[in-house]
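This briefing covers helix packing, strand pairing and nonpolar cores, in that order. Terms are defined where they first come up.

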Amino acid sequence: MSTEIAAKVRNEEWKASLTGESTWVRWTLIALALGYLTLFLFIPLAAVFAEALKNGLESYFAPFQDPDTLAAIRLTFIAASLAVPLNLVFGVAAAWAIAKFEFVGKQLLITIIDIPLAVSPVISGLIYVLLFGAQGWVGPWLIEHDIRIIFALPGIVLATIFVTVPFIARELIPLMQSQGREEEEAAFTLGASGWQTFIRVTLPNIKWSLLYGVILCNARAMGEFGAVSVVSGHIRGLTNTLPLHVEILYNEYNAVGAFAVASLLTLLAIVTLIVKTVIERKSAPSRSTHDPAWNAQPGSPS
Amino acid sequence: MSIQVDHVTKRFGTFTVLNDVSLHVQTGELIALLGPSGCGKTTLLRILAGLERPDEGKILLHGNEVTDRQITDRRVGFVFQHYALFRHMTVTENVSFGLRVLPHAQRPSPDRIQKKVDDLLALVQLQAMADRYPNQLSGGQRQRVALARALAVEPKMLLLDEPFGALDTKVRKELRRWLRRLHDELHITSILVTHDQEEALEAADRVVVMHQGHIEQTGTPEEVYEHPATPFVYRFLGDVNVFHGRISQDETPREETARELPPGTDSSGEHEVTFVRPHDLELSPTRTTTAQLEATVRFVIAAGSRVRLELVSKDSPQTIEVELTKERYRELQLRQGDVVFVHPKQQQIFRMPGPSSV
């Protein structure tokens, strides 16, 4: 076993030597990268916890007794628990259509899916204000019928959905495209229905990527600030999500409270990253063992 | 189950893949659809399976029209070129898939399914691999799993799309013979798509040669090889020397096939082209008749069961390929640079449209 490892190390050293970089160049590059990440990523992250804990545990936990904070946590979870499943269904459907079928407007659909990544979240929020706000296109009608969208839960959910649309679809499209249509066709010729084919053939092939997409989508849904800020109206205990609540606390010079709530979001992010890493490990072996024949597209008509 | 393809046309955009193709396959036959890539053979197979829909024409299975029937109703077994095994399922799970997706009322009990899988794995000689995943198998093993999976649903016809195309020559040969034996045992009406003429000639009862979306010739392997109906078939089924005009006017045994001229072509514009297989050329060291071409030996490839020679004609820059038996080669004692006289033992003359300068 140890000789195996030694051989592996030697092999890695050999491969590294092929790039022609001397040892100190490699170490300098590694040190630069690590230093950069420490300065710009790790220290700020650590500062969140340092600030939150600087007056001791008691004041750290104090904000979590505040009903407004609890309401913000609840609202954030509600928004994410609606946005993520909806984008899950949409993402799978869109990726399925794009990867497995040819249709007019396919390129347009791919571009549209990317819009939320391209536009500023603030604009995403404003779109809904323009549509459903008091002066918006359907605003007066909504007021007449006493339906509240802007400055209420529906607006927050809509804004969250908007900004998280691409995450699952984009994760699945390249994978499903590379897998081709042959396995599904094989299932059809063996008598499986469309639904059986999806559940038994398509879904198992995409499950790790799908889970990965869900995690990214969830992280974004819970952390979204800009779009939600525009539509929420910042009503404490009613329309404040966690990121918005952090801002309010900070603006009120409650630094410890702000950082404590921020640390919750940070922890959420860290947990997400850990889960993501585990999933990547799990899905990586099955990806790397794909031989070219698996990924071959059904041949051109011959 | 007999298969009837009735005037089927299929277009992809503006490209006509199949142009008015008709074909009849009898129950229990093994047919090879042979042609170069792009000739429409795979598309025809996919139309039969129900994976594509023809733009025009009908498909009849056992006399019943199925053109608009779903794939699931057709009871076809389809074997894909790249196997298309379910990568997340074991060999057993792959083979039993078709039985496990049956409606509850028709589904056999788990014991019966297991029994069936065991039988099929025995048939394809893969019992030891039952719990492996596809990526733990070799190409030849994967293709046998794919075949067992297709046979599990007891199909009325078996469609094989270049089943051995991705395998190396030796495995391909073994599997081809094994498939032939399997077919003789099971007698399932089968259609094999291939671009390998050797495969088609060796495995099939009848060969259908396709070219640019239509059928050039249908016949037994011997028929299509010995009596090619068109210059294309002649060329596609083996090496060939093409001579413009006739080599000889004497009594050499030969066949003539007048190729149908496109309407509007002036018959005076046609010319004759002589096709001769490399092994149908006879060499002699001296001129014996006037009907011989003088040529110089350029290369000799003596490896293999037969000796192949490349000659250059004296009158034209044309290269002539000749295949001799070892015995004949030793008799002639030919070396590079020697002058020989070439004479066809058998030839076929086609009349082609257009001026002879082509």
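A crossing is left-handed if the near helix is turned anticlockwise from the far one by less than a right angle, and right-handed if clockwise. The model is predicted: local features need pLDDT of at least 70, side-chain atom pairs count only at pLDDT 80 or more, and totals for chains, interfaces and linings use all residues. Residues are numbered from 1 along each chain as its sequence is written, chains are lettered from A and ligands numbered from 1 in the order in which they are written, and side-chain values use heavy atoms, with hydrogens and water left out. Helices (H or I, at least four residues) and strands (E, at least two) are DSSP runs, numbered from the N terminus.

**Helix packing in chain A**

- Helix 5 (residues 106-118) of chain A packs against helix 8 (residues 153-179) of chain A at an angle of about 130 degrees, and their axes are 8 Å apart. Axes are lines fitted to C-alpha atoms, for helices over the stretch in contact, and angles run from 0 to 180 degrees between N-to-C directions.
- Helix 5 of chain A and helix 8 of chain A are therefore oblique to each other; angles under 35 degrees count as roughly parallel, over 145 as roughly antiparallel, 65 to 115 as roughly perpendicular and the rest as oblique.
- The crossing of helix 5 of chain A and helix 8 of chain A is left-handed.
- Residues of helix 5 of chain A that meet helix 8 of chain A include Ile113(A), Ile115(A) and Leu117(A); on the helix 8 side, Phe162(A), Phe167(A) and Ile173(A) are among them. Contact means heavy atoms within 4.5 Å.

**Strands in chain B**

- An open sheet of 5 strands in chain B has the order 14-18-15-16-17, with antiparallel pairing. Two strands pair if DSSP finds at least two bridges between them.
- Strand 14 (281-284) and strand 17 (319-325) of chain B are the edge strands.
- Strand 16 (residues 306-313) of chain B pairs with strand 17 of chain B over 7 bridges, and Arg308(B) has Glu323(B) as its bridge partner.
- Strand 13 (residues 271-276) and strand 19 of chain B are joined in the antiparallel sense by 5 bridges, with Phe275(B) opposite Gln348(B).

**Nonpolar cores**

- The largest nonpolar core has 45 residues. Such a core is a set of buried (under 20% relative accessible area, 1.4 Å probe, protein chains only) Ala, Val, Leu, Ile, Met, Phe, Trp, Tyr and Cys residues joined through side-chain atoms within 4.5 Å.
- Val95(B), Leu121(B) and Leu147(B) have the most contacts inside this largest core.
- Helix 5 (residues 139-152) of chain B gives the most to this core, with 7 residues.

Technical notes. Buried < 20%, exposed > 50% of the residue type's maximum accessible area, 1.4 Å probe, protein only.
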